[in-house]
Amino acid sequence: MREIDLVFRTMFAELAQQTLDAQWQSDFPLEGRFVTVPVKGKDYFYFDTPTPGGKDKRSYVGPAADPEIEARVRRHREIKGNIRERRRLVSSLLRSGGMQGPDRFAGDVTKALADAGFFRLRGVLVGSVAYGCYSGVLGVRLPTTAMQTGDADLAMDFAISQEVGDSLPPILDILRAIDPSFRAVPHQADKARVTAFTNQANYRVEFLIGDRGSDEYSGKPSPMPALGGASAENLRFLDFLIYEPVRTVLLHREGVSVNVPAPERYAVHKLIVASRRLTDALGRAKRDKDLLQAATLFEAMLQIRQGDVLADAYQEAWDRGSSWQEGLAAGIALMPANGKEALADALVVAMNELRERITVGK
């Protein structure tokens, strides 16, 4: 696996910084002001924007304890946007840097949600669109065959959605601005709620949250006040995936500032997901892609000397109990040999010991 030249890794980091700066300028115009608001014993930044009616519109910014957010609040008036320069950087990274971007439609969907405030409200891009960001995050060239996707999966923490006191515009309106054929898909368990949207080409946009820890919510959609009237599908194991996401940039147009899962969590989570796929043709195809992504990220993290970070994420998942262990063991058994070898190296165990752990569930 080839590492990306330092000059392009530096360029990617610069683009990520400029894109986040530009997003802040768009989200928080200079005529507004930042305020600190205590919520349940913690301080959070909000932004008050004047309105013609005389009452400020208040938007959520983020935790006051986050040093990066606090620094941005301090230098808000210094932020400058430069779309032409950012487009040049994106073009160079795609053409010469060995990095990948999403297909245009997936990029447009992600950008529309970003512009509407989804990532400001601490939403996380998950699935194969997020996977495409890891080449720049890790500084290695990833195979494009593992990036093909026909949908966009987006996640948000349930508690955050309940507590931020802010919301996106209606999701359907955001999506129809890209493609008027988008329609809401009523949830099977509750026809009054919507967790997914699809268009005439069957491109699907779905919102997810982690399992809320009670059988009462299993298989049912959860209302999400921050999602502009949409709900979210409860998905087991997702809380592990979206814990402490990474800020980065999607290489689309002039760059889109996004949050994605930490790569080690994404890789470990894919093992569990792969083991739970259906066995029909579509399920097998998705399983194979899951395993390819996991194996590739295992190799990449080992190559850039982050095997210890991967091992910690794997151990955290393993320690969560028998159902997690069963999923991990089944996923490892299905994974290509290169992925097994990389994981064994990260865990500092021999291949025969890894096989034994899988067999006996230890």
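A search of the whole structure, a predicted model, finds 18 aromatic pairs. One of them joins Phe 28 and Phe 47, with ring centres 5.0 Å apart and planes at 55°, so the pair is tilted. Phe 28 sits in the loop between helix H1 (6–27) and S1, and Phe 47 in strand S2, so the pair ties together parts that are 19 residues apart in sequence.

**Aromatic groups**

- Phe 28 and Phe 47 are both buried.
- Tyr 44 and Tyr 60 make another tilted pair, 6.2 Å from centre to centre and with 40° between the planes.
- Tyr 44 belongs to strand S2 and Tyr 60 to strand S3, so this pair links distant parts of the chain, 16 residues apart.
- Tyr 44 is buried, and Tyr 60 is buried too.
- One aromatic cluster is formed by Trp 24, Phe 28, Phe 34 and Phe 47.
- A charged side chain also meets a ring: Arg 265 lies over the face of Phe 240, at 4.7 Å from the ring centre.

**The S1-S2-S3 sheet**

- Three strands make an open sheet in the order S1-S2-S3, with antiparallel pairing.
- The edges are strand S1 (33–39) and strand S3 (57–63); each has a single partner strand, so one side of each lacks a neighbour in the sheet.
- On average, neighbouring strands of this sheet are turned by 35° against each other, direction ignored.
- S1 is joined to strand S2 (residues 42–49) by seven bridges, and the two run antiparallel.
- Phe 34 has Phe 47 in S2 as its bridge partner.
- Phe 34 and Phe 47 also belong to the aromatic cluster named above.
- As background, strands of a sheet pair through backbone hydrogen bonds, either parallel or antiparallel.

- Strand S10 (residues 231–235) has four of its five residues buried, so it is largely enclosed by the rest of the structure.
- With strand S8 (residues 204–210), S10 pairs in the parallel sense over three bridges.
- Asn 234 in S10 stands opposite Ile 209.
- With strand S9 (residues 221–223), S10 pairs in the antiparallel sense, over three bridges.
- Ser 231 in S10 is the bridge partner of Pro 223.

**His 187**

- His 187 is part of strand S6 (residues 183–187).
- Its relative accessibility is 9%, so His 187 counts as buried.
- The His 187 side chain reaches the backbone nitrogen of Ala 189 at 3.0 Å.
- Leaving aside neighbours within four places in sequence, His 187 is in contact with Arg 193, Thr 195, Gly 219, Lys 220, Pro 221 and Glu 233.

**Arg 120**

- Arg 120 is placed in the loop between helix H4 (104–116) and strand S4 (124–126).
- Arg 120 has a relative accessible area of 16% and is therefore buried.
- The side chains of Arg 120 and Asp 166 make a polar contact at 2.8 Å.
- Not counting residues up to four places away in sequence, Arg 120 touches Asp 27, Phe 28, Ser 59, Tyr 60, Val 61 and Asp 166.
- Among these, Phe 28 is a member of the aromatic cluster, and Tyr 60 pairs with Tyr 44.

- Most residues other than glycine have a negative phi.
- Phe 237 has a positive phi, near 80°.
- Phe 237 lies in the loop between S10 and helix H9 (238–241).
- At 3% relative accessibility, Phe 237 is buried.
- Arg 253 is not a glycine either, yet its phi is positive, at about 55°.
- Arg 253 sits in the loop between strand S11 (246–250) and strand S12 (256–260).
- With a relative accessible area of 38%, Arg 253 is partly exposed.

Note on methods: Residues numbered from 1 in each chain as written. Predicted model: local features only at pLDDT ≥ 70, side-chain atom pairs only at ≥ 80, totals over all residues. Heavy atoms only, no water. Buried < 20%, exposed > 50% of the residue type's maximum accessible area, 1.4 Å probe, protein only. Polar contact = N/O pair within 3.5 Å; in protein donor to acceptor, adjacent residues only side chain to side chain. Contact = heavy atoms within 4.5 Å. Pairing = 2+ DSSP bridges. Axes fitted to C-alpha atoms, helices over the stretch in contact; angles between N-to-C directions. Phe/Tyr/Trp six-rings, centres within 6.5 Å; stacked < 30°, edge-to-face > 60°. Lys NZ or Arg CZ within 6 Å of the ring centre and 35° of its normal.
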